[in-house]
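Subject: Structure for you to look at, with notes

Dear colleague,

Here is the structure that I wanted to pass on to you. Please keep it open while you read the notes below it.

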Amino acid sequence: MKLKIVTPERVVVEEEVEAVYGKTIDGMMGILPHHVPVVTPLEIGVMSYLKEGQKKPLAVMGGLLSTDGKSVTVLCDAAELSTEIDAVRAQLAKDRAQAELHKLTDHHDVALAQQALARALVRLSLATGKASAR
């Protein structure tokens with residue numbers, strides 16, 4: 001089945017794959033060929049796909065997943081392959097977000113800092129090889 005992951009800046013992945021796994025708002029979801037059609041929102045998290053028996057992880061910063069059983073399309077603001085993530089930069093982003101969370105009181109600002117922390121943690125888990133999507 002064809003997988004296409006698209007951000008406003010680029011096509012991150014466009015490949016024939018055997019399976020796709022991602023974190024939806026209802027929990028983890030696996031998609032195999034001939035899956036029932038579905039459209040679902042994604043959470044910030046690790047997504048992976050299986051190609052030639054090998055698991056390929058990437059960070060997806062929310063978005064929307066759609067499948068018709070023949071193809072899977074993911075539209076998201078940002079997505080990064082594990083090979084594109086800088087572990088040092090991800091750690092610095094995590095530290096900044098945690099420090100910011102400790103000093104904020106406004107609910108909106110806290111929610112934004114929590115999202116920044118979630119993005120940093122996903123990137124860090126991929127960069128350090130501790131990610132799991134499946």
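The notes below go through strand pairing, the nonpolar cores, a surface patch and the salt bridges.

Please bear in mind that this is a predicted model, in which local features need pLDDT of at least 70 and side-chain atom pairs count only at pLDDT 80 or more, while totals for chains, interfaces and linings use all residues. Residues are numbered from 1 along each chain as its sequence is written, and side-chain values use heavy atoms, with hydrogens and water left out.

To begin with the strands (DSSP runs of E of at least two residues, numbered from the N terminus), S3 covers residues 19-24 and S4 covers residues 27-31, and the two pair in the antiparallel sense over five bridges. Two strands are said to pair if DSSP finds at least two bridges between them.

Next come the nonpolar cores, by which I mean sets of buried Ala, Val, Leu, Ile, Met, Phe, Trp, Tyr and Cys residues joined through side-chain atoms within 4.5 Å. Buried here stands for under 20% relative accessible area, exposed for over 50%, and partly exposed for what lies in between (1.4 Å probe, protein chains only). The largest core has 18 residues, of which Ile 5, Val 20, Met 47 and Val 74 touch the most other members. At least two residues of this core come from each of the strands S1 (2-6), S2 (11-16), S5 (38-51), S6 (54-67) and S7 (71-75). Apart from it lies another core, made of nine residues, including Ile 44, Val 46, Ala 59 and Leu 124. If we leave aside neighbours within four places in sequence, Val 74 is in contact (heavy atoms within 4.5 Å) with Lys 4, Ile 5, Val 6, Leu 42, Met 47, Val 60, Leu 64 and Leu 65.

Leu 75 belongs to strand S7 and counts as partly exposed, because its relative accessibility is 48%.

Finally, there are six salt bridges, where a salt bridge is a side-chain nitrogen of Lys or Arg within 4 Å of a carboxyl oxygen of Asp or Glu. In one of them Lys 2 is joined to Glu 14, with the closest N and O atoms 3.3 Å apart; the pair links distant parts of the chain, as Lys 2 is in strand S1 and Glu 14 in strand S2, 12 residues apart. Lys 2, Lys 4 and Glu 14 are linked in a network of salt bridges. Another salt bridge joins Lys 51 to Glu 15, the closest N and O atoms again being 3.3 Å apart; because Lys 51 lies in strand S5 and Glu 15 in strand S2, this pair ties together parts that are 36 residues apart in sequence. Lys 23 and Glu 43 form a salt bridge with 3.7 Å between the closest N and O atoms, and the pair links strand S3, which holds Lys 23, with strand S5, which holds Glu 43, over 20 residues. Lys 23 is partly exposed at 35% relative accessibility, and Glu 43 is partly exposed with a relative accessible area of 32%.

With best wishes

Note on methods:
Helix = DSSP H or I, 4+ residues; strand = E, 2+ residues; numbered from the N terminus.
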